[in-house]
Amino acid sequence: MLWQSQQQGLDRLLQNSSFALCTPTGSGKTLVANLAIVKELLLLADGLLAPLALYLVPSRALAGEVEAKLTTELGGDFIVTGLYGGADWGLTDAWLTSDMPTVLIATVEKADALMRYLGPVLLARLRLLIVDEAHQVVVENSVYEQENLAEHSSRAARLESFISRLLARRPDLVRIALTAVAGGAAHPVARWIESDADAVPVGTYYRSTRQAVGAFEVRPNGRPEILLDMLNDGLLAVRGRAANVYINLRIDPMPQPPANVRGSINHYTQISILWAALHLIDSDRRILVSVSQNPEDTIKWYAEAFGLNGWDTLPQFVPPPQGADAELFGDARMVCVDYCGAESHEVALLDRGIATNHGQMPQKLRRMMVALIERSICRITVATATLTEGVNLPFDLILLPSVKRTSFDVAAGRLSEHPMSTAEFKNLSGRAGRPGAAKGMEGMTLVALPITPSTTADGQKPTQRRQIRARRSEYDDLIGRLTAEAAGGGEHYSSLSVLLKSIRARALQLGVTSAAEFLEWLESTAPADISDQAGKADASAGARLADSVDELDGIILSAIEELQKIEMTQMTSAQIEVAMTAVWQNTFARVATAYENWMEQAFVQRGKSLVENIYPDADERRRLYSYGYTPYVGRRFRDAAGQLLDILHYTDGYGDMSDDDRLALFVQLGEIVAGDKGFGFSTRDTVTGRDLYARWREVLAWWMAHVDAPVPPADNLRAWQIFVADNLEFRLGVAIGAVVAQRWTEESTDPFATPTLDTWKTVSDLPWFAFWAKELLRWGTLEPFVAFVLSQGIARSRDDAANWKAQFIEWIERQPDVAAEGEELIDPRNFLRWSRSRPPAVPAQPAARIVDADLSGTDGNLGRYAVIPLRKNGGLRWIDPAGYELAASQEQQGMLGPEMYAQDFDLTAVSGHAVVTRIF
């Protein structure tokens, strides 16, 4: 049985190979992608090189879900590898040397790094490109996006640049774009992905679920009320009535909180959401509270709310008593204590059955939280948007405390607010009511709106009334933008077009008036000519312009260096012009509705001048490209790279070092990077931000689990996590990775050489610590063995991983060909040999394939029905593809695996007796 959108996608797949599939969430796009993989990698394979598909996703969370799903469905015929940080070996994945068809799932950042490092190998095998959530290439022409570009932090720019460069080199590459919320941008996205001015998207407005949008009205001392404004992108109204469609909730009013809570309209509204959610889960709903501003406040307020007067009457959460769910909950709590601390608000909420998730949370913990949500062990989730970027999680109701987004302005060193985009909101609302994942066939996304002041203090009421009016205005603005987008029309920008327009507008302020003057200015002007603060995250107008030009140069230099690899000699000026034109022809900027004719000329002209005037040294261009920074920042990084490499060269004693010496080594590396304003640590201009920068060595010690490290207070935990994610995992990790990648590039004489564990150390001429450094920062440990057993799923937490070390030492001491010291103690080949020598796990009991059921929504006359399982109160409901319940049963041990929605079930009824059978 196929959804209408799936049928259209399959028809297009048979007719030609490249297209954009733009259909609502829950309409089955993944099946089309899977069949495209089978077609291109199996049916049409030429048998020469093992074919490869690159599956681009916007987030690590979605990468993990896609990897698990594809492994279940296609793992027998393909190697499926997720390259998205922390779970991959990067340089040494089996796909590099395997002769099996391979699917690589990666974020665009990882794919870009892979292309710099292994471009020839990747291109030789690449047959298919799949771009999930392709609408993220569309941006708004806003100050926020311009600042993102100047700060080199625009994911849309990375996506557009990577795909444009890839298609310029491989115009024959088959590509498929998947998107649920392209809206009016569906046609430009289709034209871009197909490189065809006449391309039209494969799409349908058919929805497998109804998706409602409305307001969750909060009334102090009264019951909340739901008012619905939209259904499936259209305005919702009752004929003959002016009032909104509304739903009265039979929930007791929230007990009056203390004055400090009532004095903050935000605090009061947020705990009102929690109060309602705790009552609504009684009816088996799964609820997401999606927080776009300061999730640490929400997590703290929710943890503290359970201590307020009147909250002790709420039903208590009971963890799963036994079985796989009990083991999962225990493991998740162990990991939460490990990374957050026993006294943290995150642990307190988990003990109440509430999962938390945000982008700065350690990845191991994020994955455990996602597993709790998937299994419906935790029916309430508090999370930022990073959780829902395409991930198929079972929510019936999504509640938003605000439709304003907060982001960090690197140059200004402070947080700034901007409206949530329609694309982000639609992507979020599409997670409610997904078929087979949520309870019913209707999902609701509600924005919390306070109706009257929560305070009783007269002096605070005027302020709260202004805040209430502002909340209503923000919501009305969102509904207006959603309605306008559903009607079509409007301009659609690419990050590259916004960047070019921003540079031209800022150059105008310098006195560059005509188009001819602008092109002349582009030919000769380097970032350093514009501002002496270039590349230092400075907020001045000149520095912003210089950094914007550096961002453009980064896009162009990457394109030139990748195209240069095709040529045997250095490209001439004429060849560069042809090459840059080819790249431009593959940009989204060329097909976006906001395209202007001068943009192509400016792009090509800057490409020529980059080689002739700005960075004329070919060796320097190659080096800057391999670093991965924008070129002006990369030029300054060169000295730091030399210092980092010198340190890495002399770390061959890391295996025997004490933890104090190991930590001191990371401090030494961090001191080289930290102080630079471009590639170094970023700090927030707050008391906490400045304090953390001053104490970054203590934060490093805490993150690396050093025994004497200080522990962050519960209220400051996320600030510490943000610092770790931004500066230790990312900035320090990227710097070390850039040096190691550059070293391999310089030392490897064969561009098609594939790094393996047996060749990496010899070719790079670096100790094993250089191989492990990024992984250690990623997992938060000083011990490579701990990082290994965590990445392999052998250990559950860092403490658990440390317990396995004794077994490894016993094993290595028994090996006649290995000395249990120095490099041998951290050689990943020894770790692998040890893991393979472990006794095999005790085989699990054969999975049950059949269970008795009671008919509940049918008389069974048809005899056989395809059904989907839903868990409820320790049992199972069996629904048909339209979402109607047909039967109920007990859950039999082993009947459902962790990927139960990848399995197929039949309900059969004979003479009133019903059974459900797992058939796949």
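Which residue just after α16 takes a positive phi? Gly511 does, with a phi of about 100°. The model is a predicted one, in which local features need pLDDT of at least 70 and side-chain atom pairs count only at pLDDT 80 or more, while totals for chains, interfaces and linings use all residues. Residues are numbered from 1 along each chain as its sequence is written, and side-chain values use heavy atoms, with hydrogens and water left out.

**Helix α16**

Helices (H or I, at least four residues) and strands (E, at least two) are DSSP runs numbered from the N terminus. Helix α16 covers residues 495–509, and because 15 residues at 1.5 Å a residue should span 21 Å, the 21 Å between its end C-alpha atoms agrees with expectation; the expected span is 1.5 Å times one less than the number of residues. At the N-terminal end, Ser494 caps α16 through a side-chain oxygen that lies 3.2 Å from the backbone nitrogen of Leu496. Buried residues of α16 include Leu496, Val498, Leu499, Leu500, Ile503 and Arg506, where buried means under 20% relative accessible area, exposed over 50%, and partly exposed in between (1.4 Å probe, protein chains only).

Val447 lies in strand β19 (residues 442–450) and counts as buried because its relative accessibility is 2%. Not counting residues up to four places away in sequence, Val447 touches Gly214, Ala215, Phe216, Leu400, Val403, Phe425 and Tyr475, contact meaning heavy atoms within 4.5 Å.

Asp325, in helix α11 (residues 323–340), is buried with a relative accessible area of 18%. With residues up to four places away in sequence again set aside, Asp325 touches Pro320, Arg375 and Ile377, and its side chain makes a polar contact of 2.8 Å with the side chain of Arg375. A polar contact is a pair of N or O atoms within 3.5 Å; within protein, one must be able to donate a hydrogen and the other to accept it, and residues adjacent in sequence count only if both atoms are side-chain atoms.

Arg743 belongs to helix α27 (residues 717–747) and is buried at a relative accessible area of 12%. Leaving aside neighbours within four places in sequence, Arg743 is in contact with Leu645, His649, Ser764, Asp765 and Leu766.

**Salt bridges**

A salt bridge is a side-chain nitrogen of Lys or Arg within 4 Å of a carboxyl oxygen of Asp or Glu, and by this rule the count comes to 47. Three of these pairs are tabulated here.

| Pair | N to O distance |
|---|---|
| Arg544 and Glu151 | 3.4 Å |
| Glu296 and Arg718 | 2.7 Å |
| Glu561 and Arg621 | 3.5 Å |

Glu561 is buried, with a relative accessible area of 5%, and Arg621 counts as buried at 4% relative accessibility. Salt bridges that share partners also join Asp112, Arg116, Arg165, Arg169 and Glu562 into one network. For the remaining tabulated pair, Arg544 counts as buried at 3% relative accessibility, and Glu151 is buried with a relative accessible area of 14%.
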